[in-house]
Amino acid sequence: MTRSRTPRTALAAVTTAALALGLGACSSDDASTSGSTGSDDKKISIGVHAGWDEGIAVSHLFKAMLEDDGYTVDEETADPGVVYTGLAGGSYDLNFDMWLPATHADYLKKYGDDLEQLGVWYDDARLTIAVNEDAPITSLAELGDAAEQFGDRLVGIEAGAGLTRITQDEVVPTYGLDSMDFVISSTPAMLAELKSRTDAGENVAVTLWRPHWAYDAFPIRDLEDPEGALGGAEEIHTVGRSGFAEDHPDVAALIKAFTLTDEQLFSLENIMFNEDEGADPDKSVRTWLEANPTFVDDLKAAAGV
């Protein structure tokens, strides 16, 4: 899947300027020695892609679970290239947000010999066109003929986003949407219109992506893409430094067994980035765990630990 993280980063910036601070970023000097070894088996470091909501959410979820089991967990946010360089060099132990087979393929090719594939926790990451749940159509193939019912508007995000380019270059011509006004705006503006029009019971069509907390916050669904103009689904993998599974077999077993459903992931993101505005991700995780009281025990049972 071709995509840009402009939308996700922009949303994080709008929801809270303190998000990066709240993630407890380490200094570059600390990062060089933060990776765990077998002799330091209760300390784990996680490299987190800055602005990637699903990775931030899952990193904090695992941080909470590991801390409850007596681990000391350090997190550092950075661009993906910095994270994967650090993993390959042993500065980080884990990253929960490698998108394959497309988005992070170059990093896997470059650093794969020094990384361990530990598990796939989500397998439906994709670009979408979403509409209100009670919209009169189910497919992008119907949107052109039904354009008036949507105010002749398809509401997009930032001009520089990969999703915007694909919508312009692939979706619009493939499905004959040239008569619609493709509104290039921003992620916050798109979400504001999505909220206002669903609250008013009006039809709305927006560019979106999975996973995203909007699927938990608003009554929406995806339009089918029979021509595949938006590209296929990707998997989200957890990767570790070389030797991680040997040093931390119980944690590796948890990661291998770990998955999240759409409902679980969207609700976690909705609490963290919408309701709590990204102010305290650790607190948001605790709120989510209270609402999902069997999650940790179920995961441990599945992992056999």
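A salt bridge here is a side-chain nitrogen of Lys or Arg within 4 Å of a carboxyl oxygen of Asp or Glu. Keep in mind that this is a predicted model. By that criterion the structure holds 15 salt bridges, and I will go through three of them.

I'll start with E193 and R153. Their closest N and O atoms are 2.8 Å apart, so the pair meets the 4 Å cut-off. E193 sits in helix α9, residues 187-199, and R153 in strand β5, residues 153-155. E193 has a relative accessible area of 17% and is buried, while R153, at 26%, is partly exposed. This pair also belongs to a network of salt bridges that links R153, E193, R197 and E202.

Next, R210 and D262. Here the closest N and O atoms of the salt bridge are 3.2 Å apart. R210 is in strand β7, residues 205-210, and D262 is in helix α13, residues 262-275, so the bridge ties together parts that are 52 residues apart in sequence. As for accessibility, R210 is buried at 12%, and D262 is partly exposed at 27%.

The last one is K63 with E67. Their side chains meet in a salt bridge at 3.2 Å, N to O. Both residues lie in helix α4, residues 53-68, and because they are 4 residues apart there, about one helical turn separates them. K63 counts as buried, with 12% relative accessibility. E67 counts as partly exposed, with 32%.

How values were computed
Residues numbered from 1 in each chain as written. Predicted model: local features only at pLDDT ≥ 70, side-chain atom pairs only at ≥ 80, totals over all residues. Heavy atoms only, no water. Helix = DSSP H or I, 4+ residues; strand = E, 2+ residues; numbered from the N terminus. Buried < 20%, exposed > 50% of the residue type's maximum accessible area, 1.4 Å probe, protein only.
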